[in-house]
Amino acid sequence: MPITAEQSAPATKTRRSATGTPFTRVLGLAAIVGVVWLVVFGLFISPADKVQRQGVRILYIHVPSAWLAYLAFIVTGVSSAAYLWKRTRSLVWDRIAGASAEVGVIFMGVALVTGSLWGRISWGVFWTWDSRLTTTAFLFVTYIGYLAVRGLGGSHEQRARRSAVVALLAVLEIPLVHFSVEWWRPLHQQESVADGKLSGLMLFSLFVGIIAFTLMYVWMVLHRQRVMTMEDALDDKGLDLALAERRAEGQQGSGH
Amino acid sequence: MDHAGFIIASYVLTIGGIVVYVWRVLSRGRRLAEQLPEEDRPWI
């Protein structure tokens, strides 16, 4: 039950971010600088590739977003394990898991869209059902399902427990996606970085993308996790208020 | 630049998507903060 501003102790209205701290402001600024740097290097400074030509510019955002999605889902898995382990059980882990999964879904969506545009340039089609693309799409849908499971009813503890189990199962898909290019030899190219296919300014632009997206990921997870903390607090207050109203009604009823 | 439309679209969609998500998270945070006392925001 939502509670109104009058029912709870009102906080001061501020135009600044309600979830920000000096650390997140510095982090956010660094992420913005990183993204601007990425755009400048990716679109203007980095040269065209001999094989991929101008299409390589899409890889500077496609590869970092895919890697960050993996990282986000691994963080979700580790946080979920931390919640399930009795010694470290805390709803903070559950919120980090949820926030990281949500941000991971955003990055995975970016990876799918940019990969599709890159595919149109390189292969002539937006989509093909090869093993890398299919497993990536499956991973994306799995984590949308994870977020749906988080949205089911029940107490915070029930939400945390069932979503942690789903997260531990879902994270097993990541090796399947990553090694699909080696196991099934699909249309999708194999590792570009490890194989030394990118070098010089192209490799540097890719690293700029990875740094910028990593800063952005940390910043987004911190803010989302704090918003989740407030959502839970408001839920608890709503429940307390409903119980108090019920008790008051009960006392009035017994008084008559 | 060959395929400029696809390349620029990929950057615009990426940055635009992230900006929309960040804006939604921050505005939800502001709305919630108006209904909660400061002790419910331990990071302050």
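Let's start at one residue: Phe23(A) is exposed, with 12 other C-beta atoms within 10 Å. Here a residue is exposed if 12 or fewer other C-beta atoms, placed from the backbone, lie within 10 Å of its own, buried if 20 or more do, and partly exposed in between. This is a predicted model, in which local features need pLDDT of at least 70 and side-chain atom pairs count only at pLDDT 80 or more, while totals for chains, interfaces and linings use all residues. Residues are numbered from 1 along each chain as its sequence is written, and chains are lettered from A and ligands numbered from 1 in the order in which they are written.

**The two chains**

- Chain A has seven helices and zero strands, and from the N terminus on its elements run α-α-α-α-α-α-α. Helices (H or I, at least four residues) and strands (E, at least two) are DSSP runs, numbered from the N terminus.
- Of the 256 residues of chain A, 38% count as buried.
- Among the contacts in chain A between residues at least 6 apart in sequence, 81% join residues at least 24 apart. Two residues are in contact if their C-beta atoms, placed from the backbone, lie within 7 Å.
- Chain B has one helix and zero strands, and 30% of its 44 residues count as buried.
- The C-alpha atoms of chain B fill a box of roughly 55 × 15 × 5 Å, taken along the principal axes.

**Where the chains touch**

- The contact takes 38 residues from chain A and 30 residues from chain B.
- On the side of chain B that touches chain A there are 17 nonpolar, six polar and seven charged residues. Nonpolar means Ala, Val, Leu, Ile, Met, Phe, Trp, Tyr, Cys and Pro, charged means Asp, Glu, Lys and Arg, and the others, Gly among them, count as polar.

**The nonpolar core**

- In soluble globular proteins, nonpolar side chains tend to be buried together.
- The largest nonpolar core has 68 residues, and those with the most contacts inside it are Ala72(A) and Phe107(A). Such a core is a set of buried Ala, Val, Leu, Ile, Met, Phe, Trp, Tyr and Cys residues joined through C-beta atoms within 7 Å.
- Two or more residues of this core come from each of H1, helix H2 (56–84), helix H3 (91–122), H4, H5 and helix H7 (200–255) of chain A, together with helix H1 (4–33) of chain B.
- Leaving aside its neighbours within four places in sequence, Ala72(A) is in contact with Ser100(A), Ala101(A), Val103(A), Gly104(A), Phe107(A) and Tyr217(A).

**H1 and H2 of chain A**

- Phe23(A) lies in helix H1 (residues 22–45) of chain A. Phe23(A) and Trp219(A) are 196 residues apart in sequence and 9.4 Å apart in space, C-alpha to C-alpha.
- H1(A) and H2(A) pack with their axes 8 Å apart, at an angle of about 150°, which makes H1(A) roughly antiparallel to H2(A). Axes are lines fitted to C-alpha atoms, for helices over the stretch in contact, and angles run from 0 to 180 degrees between N-to-C directions. Angles over 145 degrees count as roughly antiparallel, under 35 as roughly parallel, 65 to 115 as roughly perpendicular and the rest as oblique.
- Leu38(A), Gly42(A) and Leu43(A) in H1(A) meet Arg57(A), Tyr60(A) and Ile61(A) in H2(A).
- In the loop between H1 and H2 of chain A sits Arg53(A), a residue other than glycine whose phi is positive, near 55°. Arg53(A) is partly exposed, with 14 other C-beta atoms within 10 Å.

- H3(A) is mostly covered, with 24 of its 32 residues buried.
- Just after H3(A), Gly124(A) takes a positive phi of about 90°.
- Among the buried residues of H4(A) are Arg132(A), Leu139(A), Tyr143(A) and Tyr146(A). What covers the buried residues of H4(A) includes H2, H3, H5 and helix H6 (173–183) of chain A.
- The axes of helix H4 (residues 131–150) and helix H5 (residues 156–170) of chain A come within 9 Å and cross at roughly 170°, and H4(A) and H5(A) are therefore roughly antiparallel to each other.
- By class, the contact of H4(A) with H5(A) has six nonpolar, two polar and three charged residues.
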